[in-house]
There are 2 protein chains.
Amino acid sequence: MGVEERRQQLIGVALDLFSRRSPDEVSIDEIATAAGISRPLVYHYFPGKLSLYEAALKRASEDLANRFAEPQEGPLGARLLRVMRRFFDFVDEHGPGFAALMRGGPAVGSSATNALIDAVRQAAYEQMLSHLGIVEAPPRLELVVRSWISLAESTALIWLNGRRVPRAELEIQLVHDFAALAAVSAAYDEDMAALLKKMVKDEPTDGPLADLLGRLIALGS
Amino acid sequence: MGVEERRQQLIGVALDLFSRRSPDEVSIDEIATAAGISRPLVYHYFPGKLSLYEAALKRASEDLANRFAEPQEGPLGARLLRVMRRFFDFVDEHGPGFAALMRGGPAVGSSATNALIDAVRQAAYEQMLSHLGIVEAPPRLELVVRSWISLAESTALIWLNGRRVPRAELEIQLVHDFAALAAVSAAYDEDMAALLKKMVKDEPTDGPLADLLGRLIALGS
């Protein structure tokens, strides 16, 4: 194998191990064994576990950012739901590693890992704005979108801890949560109200937002 | 000064400095100068910056947890709003240190600091349940409360980054957000619907929840 090919193989093996267990618990020996090479050879490609972890995290974060990409066609609620499904696919595939990363700690809380997390959050934020047709977000919209992204992260983390609510329910709940947070903001801000009206204008009567609205009205009556 | 008194004084001085700037940027020399003692004397009381940081964080986290305490009297929305005000007071007082801590990183992401953050989150969670009159939370309620706590954290962090929305607006918005997240969950779950009805039953017609509801109805018409 060539140098780059070997590096990529090692990253793949490491990512698989770091995804299945907390990175604290994964040793270089184990990575070497899984890759079918010697421990010194691992160190030939990566100076230490942290650099290999960072490389694996970089690949995972690019993978996740790619899953946010969604054609700008059709109603917004359905688009968002497809992205949430792919987000939960990712969380499902990388569960223990995702949980360890998002909970921070000495093995995973380096400046480089935090920069990667921030880059993914920023990619998610920019995707959302582009689906909303917004270039420069006013402060209240930025707050709604960014705080909803953090809500999606925490919802996924809470789900991983015991999986006591079906993930399909949470995927749609997060779409609804976005609408709910936007509605709360819109109730007190004219610009947000105008944006919300634009958002729901093209929602079909059998879509997730109309369904929520119908149920909320039933709940209130 | 006695040993314990001196330790407590140092913790206070350190907490003040760690609150005003990112802990990365605060040196032991600076803490010594601010406390009016020599650098070696600081090391006499604390083996290093991390142990002093952890002691300061422990004091701050106890302070924050105490601010969650709210008498279980009167409507829930008003109680929650008072707690949100005290939470933003805390965030305001400790801004840069709070931001650095919550964003993680090498200087602040130790297991001990993460355990302190988790303890504060757990205190917030238990306070919420006790105000809701719940001992054992079903999974969907746990999800709503815990994810809302994380929403409060991220809202505060986004606010600190430029303070472009008045904090009073965000304090009440978070009360509304809790109601909104609970309503989304209630729309699809009978137990949550029963709980929501109990929650809003005692809300006054001039309270924050009734105000939101009125505005949402106006928005929809």
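Predicted model: local features only at pLDDT ≥ 70, side-chain atom pairs only at ≥ 80, totals over all residues.
**Figure 1**
From the N terminus onward, the order of elements in chain A is α-α-α-α-α-α-α-α-α-α-α. The C-alpha trace of chain A extends over about 65 × 35 × 30 Å along its principal axes. Of the 221 residues in chain A, 52% are buried. When contacts between residues at least 6 apart in the sequence of chain A are considered, 66% of them link residues at least 24 apart.

An unreviewed UniProt entry lists residues 4-64 of chain A as "domain: HTH tetR-type". In the model, this span of chain A is 79% helix and 0% strand, and 22 Å separate its end C-alpha atoms. Residues 27-46 of chain A are listed by UniProt, again in an unreviewed entry, as "DNA-binding region". Residues 27-46 of chain A are 75% helix and 0% strand, with end C-alpha atoms 13 Å apart.

**Figure 1. Helix H2 of chain B and its buried side.**
Helix H2 of chain B comprises residues 28-35, and its buried residues are B:Ile28, B:Ile31, B:Ala32 and B:Ala35. These four lie on the same side of H2(B), because the arc they cover around the axis is only 100°. The packing partners of the buried residues of H2(B) are helix H1 (3-20), helix H3 (39-45) and helix H4 (49-68) of chain B. After H2(B) comes B:Gly36, which has a positive phi near 70°.

**Figure 2. The interface between chain A and chain B.**
Chain A contributes 45 residues to the contact, and chain B contributes 45 residues. About 3900 Å² is buried between the two chains, with 62% of this area on carbon and sulfur atoms. On the chain A side, the residues losing the most area to chain B are A:Leu143, A:Tyr188 and A:Leu219, which together account for 17% of what that side buries.

Six salt bridges are found across the interface of chain A and chain B. In one salt bridge, B:Asp118 pairs with A:Arg103, and their closest N and O atoms are 2.5 Å apart. The interface of chain A and chain B also holds 17 residue pairs in polar contact. On the side of chain A that touches chain B, at least two residues each come from helix H7 (111-132), helix H8 (139-160), helix H9 (167-186), helix H10 (190-201) and helix H11 (208-220) of chain A.

**Figure 3. A:His94 in the loop between helix H5 and helix H6 of chain A.**
Apart from neighbours within four places in sequence, the residues in contact with A:His94 are A:Leu15, A:Ser19 and A:Asp63.

A:Leu101 belongs to helix H6 of chain A. With a relative accessibility of 9%, A:Leu101 counts as buried. A:Leu101 and A:Pro71 are 30 residues apart along the chain, and their C-alpha atoms are separated by 29 Å. A:Asp118 is part of helix H7 of chain A. The relative accessible area of A:Asp118 is 25%, so this residue is partly exposed. A distance of 9.9 Å separates the C-alpha atoms of A:Asp118 and A:Ser61, which are 57 residues apart along the chain.

**Figure 4. Arg163 in chain A and in chain B, shown with the backbone at each position.**
Most residues other than glycine have a negative phi. A:Arg163, however, has a positive phi near 45°, and B:Arg163 has a positive phi of about 45°. In chain A, A:Arg163 is located in the loop between H8 and H9. In chain B, B:Arg163 is located in the loop between helix H8 (139-160) and helix H9 (167-186). A:Arg163 is partly exposed at a relative accessible area of 40%, and B:Arg163 is partly exposed at 39%.

Technical notes:
Residues numbered from 1 in each chain as written. Chains lettered and ligands numbered in written order. Heavy atoms only, no water. Buried < 20%, exposed > 50% of the residue type's maximum accessible area, 1.4 Å probe, protein only. Arc of directions from axis to C-beta. Contact = heavy atoms within 4.5 Å. UniProt positions renumbered as here; feature names shortened; annotations may be inferred. Buried area = accessible area lost by both parts, 1.4 Å probe. Salt bridge = Lys/Arg side-chain N within 4 Å of Asp/Glu carboxyl O. Polar contact = N/O pair within 3.5 Å; in protein donor to acceptor, adjacent residues only side chain to side chain.
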